[in-house]
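Please look at the model below before reading on. The text walks through it region by region.

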Amino acid sequence: MRVMPDWLSTAIFYQVYPQSFCDSNGDGIGDINGITSKLDYIRETGFNALWINPCYVSPFRDAGYDVQNYRKVAPRYGTNADLERLFEEAHKRGMHVLLDLVPGHTSDQHRWFRKSCSTEPNSYSDRYIWSRSVWDRPEGYNWVSGNADRDGAYMLNFFLSQPALNYGFSRVSDPSWQIHYRDKRVRGSLYELKDIMAFWLDKGADGFRVDMADSLVKDDPDKSATCWIWRKIRAYLNKHYPQAAIISEWCNAPLAINAAGFHGDFILHHDKKMTDYAFYRKGEDGASRAYFCKTAHVPANDMLTPYMRDLRLTRGGGYLCPISGNHDMVRLSSFLDERERKLAFTFLLTQPGLPFVYYGDEIGMRYLPQPSKEGGYQRTGSRTPMQWDRNAPNLGFSTAEREKLYLDVDRSADAPCVAQQMEDEDSLWSTVRALNHLRMTRPDLQADGELRIEECTQHGTLCYQRGENTYVIINPTDTVQDCRTKVGRILFAIGGATRRPTVTYLEPQTAIIFEKEDYKEEV
Ligand code: NOJ
């Protein structure tokens with residue numbers, strides 16, 4: 001039996017990008033107190049858990065994924081005390097908070113790295129991966145040479161500013177510069193990692209989303225050495241922090257959950273993953289082949305095959321985490337129109353495991369192409385300020401002058417905003433809220449309820465059962481579709497269905513959640 005945090009199976013997550021969520025002190029950038037001030041909004045929308053992107057001291061060459069001090073909140077976001085207060089206020093509301101943990105690399109401004117650069121051997125010399133000499137850049141990795149007096153090139157994990165921490169090599173082909181992952185000389189990174197986790201868990205954090213979780217041990221093709229490290233971390237958490245959760249950015253659930261011991265693993269938009277088939281997929285002609293695109297008319301099979309397999313393989317061990325989007329992807333609204341997104345959310349929020357909704361997706365915020373900021377590059381367009389109220393300065397994000405804003409807000413006349421959508425029963429926000437509240441009150445729909453496919457037609461109709469007696473039927477297409485499933489007592493509906501003795505006709509773009517009326521007789 002695996003130790004699971006008690007709160008996890010009912011969690012519905014909301015991802016907050018701190019610089020763009022809410023600015024409480026008018027300096028143009030979002031902050032921790034701003035997030036705290038919006039906890040009631042998040043809760044009211046039906047989310048009871050948060051993941052906050054990195055909020056630590058950083059030179060922000062990769063928006064905070066280049067950490068300079070793991071134990072200190074960046075001054076632009078506030079103080080450690082502010083973050084502790086956020087944890088407290090979240091807990092008061094029955095909510096849980098995950099921080100972002102970046103274990104694979106630090107900023108090149110980190111104190112450890114500065115020490116590692118020294119020509120004098122010291123306790124940080126092996127904390128990063130160095131080649132034998134500045135002229136030596138072994139193939140297969142990215143190196144920086146000539147940036148330090150130490151005679152060696154250092155390995156990167158991501159951008160130029162992000163040197164890889166040294167967790168060793170799974171296979172040591174050249175011991176003159178590689179260290180085996182079980183060697184004591186690379187234990188330092190692991191000890192620090194545990195210590196950083198304990199630091200924040202002791203302050204009230206409920207766990208971590210783990211950045212590039214698969215990237216720790218080098219030359220580890222089957223990831224068995226990287227998994228060994230994570231199993232150690234999980235054993236440590238089980239023992240000392242059994243209520244803490246770790247969710248991996250890995251996108252390989254059987255490995256991340258079964259072999260590495262994560263409580264959950266994201267389903268990212270990678271090729272042939274469920275969220276790719278559902279929301280983003282394009283054909284060779286550039287036209288959408290996404291399941292939820294009304295004109296695509298693709299059966300749900302392609303989307304379900306890899307997904308059902310991962311679900312089966314990880315059942316009982318941990319949770320798949322399907323997402324609406326994140327800070328690395330073009331926003332969902334660029335791929336699906338509003339009705340399509342309502343159906344897509346019906347699907348996402350009725351899946352087992354742990355759904356994650358990216359801030360602003362619940363109101364259909366747009367991707368706004370613009371120059372790169374803080375290493376965002378094309379991702380910057382998905383990171384613009386949250387749109388609270390059409391009638392407030394800067395849409396309610398900040399009281400700062402426009403030029404001072406971290407990124408400008410959506411200035412279009414019809415920019416979707418929270419306040420306006422809250423007043424509209426038909427808005428995307430109202431749909432998301434209704435779905436979340438249904439999930440919250442119906443154990444069938446939560447993480448542990450089984451998913452069973454009841455019907456899946458060539459034309460795109462999909463019906464599935466969740467838990468004991470909750471069914472979801474979806475016709476994502478722009479035409480009427482027939483199916484065998486009889487719709488019972490309706491709990492939630494977009495569109496409608498007509499029942500005939502042997503067949504049900506589903507209106508175009510319909511999604512219905514229902515229970516079978518004869519359920520009691522069936523058991
Ligand atoms: C994945 C994060 O989501 C992304 O934003 C970041 O740039 C890289 N990891 C590097 O940390």
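The model is a predicted one, and every distance, angle and area given here is computed from it.

On the oxygen side, a polar side-chain atom of Arg209 is 3.1 Å from an oxygen atom of the ligand. For Arg379, a polar side-chain atom lies 3.0 Å from a ligand oxygen atom. On the nitrogen side, an N or O atom in the side chain of Asp211 is 2.7 Å from a nitrogen atom of the ligand. How much of the ligand's accessible area does the protein cover? On its own the ligand has 300 Å² of accessible area, and the protein covers 97% of that.

Val73 belongs to strand β4, which spans residues 69-73. Is Val73 buried or exposed? With a relative accessible area of 2%, Val73 falls under the 20% cut-off, so it counts as buried. Between the C-alpha atoms of Val73 and Pro221 there are 35 Å, with 148 residues of separation along the chain. Tyr358 is part of strand β12, residues 356-358. Its relative accessible area is 1%, and therefore Tyr358 is also classed as buried. Tyr358 and Gln378 are 20 residues apart along the chain, and 17 Å separate their C-alpha atoms.

The buried residues are Glu340, Arg341, Lys342, Leu343, Ala344, Phe345, Thr346, Phe347 and Leu348. What is found at the start of α10? There, a side-chain oxygen of Asp337 comes to within 3.3 Å of the backbone nitrogen of Arg339.

Backbone angles pick out two loop residues. Most residues other than glycine have a negative phi. His297 has a positive phi, near 50 degrees, and is not a glycine. This residue, His297, is in the loop that runs between α8 (274-280) and α9 (301-314). At a relative accessible area of 31%, His297 lies between the 20% and 50% cut-offs, so it is partly exposed. Glu374 has a positive phi as well, about 50 degrees, although it is not a glycine. Its place is the loop between β12 and α11 (418-422).

The last stop is Gln465, in strand β14 (residues 462-466). The relative accessibility of Gln465 is 11%, which is under 20%, so this residue counts as buried. Which side chain does that of Gln465 join in a polar contact of 2.7 Å? The partner is the side chain of Arg452. The Gln465 side chain also reaches a backbone atom, the oxygen of Glu468, at 3.0 Å.

Conventions. Residues are numbered from 1 along each chain as its sequence is written. This is a predicted model: local features need pLDDT of at least 70, side-chain atom pairs count only at pLDDT 80 or more; totals for chains, interfaces and linings use all residues. Side-chain values use heavy atoms; hydrogens and water are left out. A polar contact is a pair of N or O atoms within 3.5 Å; within protein, one must be able to donate a hydrogen and the other to accept it, and residues adjacent in sequence count only if both atoms are side-chain atoms. Accessible areas come from the Shrake-Rupley method with a 1.4 Å probe; for residues, only the protein chains shown count as cover. Helices (H or I, at least four residues) and strands (E, at least two) are DSSP runs, numbered from the N terminus. Buried means under 20% relative accessible area, exposed over 50%, partly exposed in between (1.4 Å probe, protein chains only).
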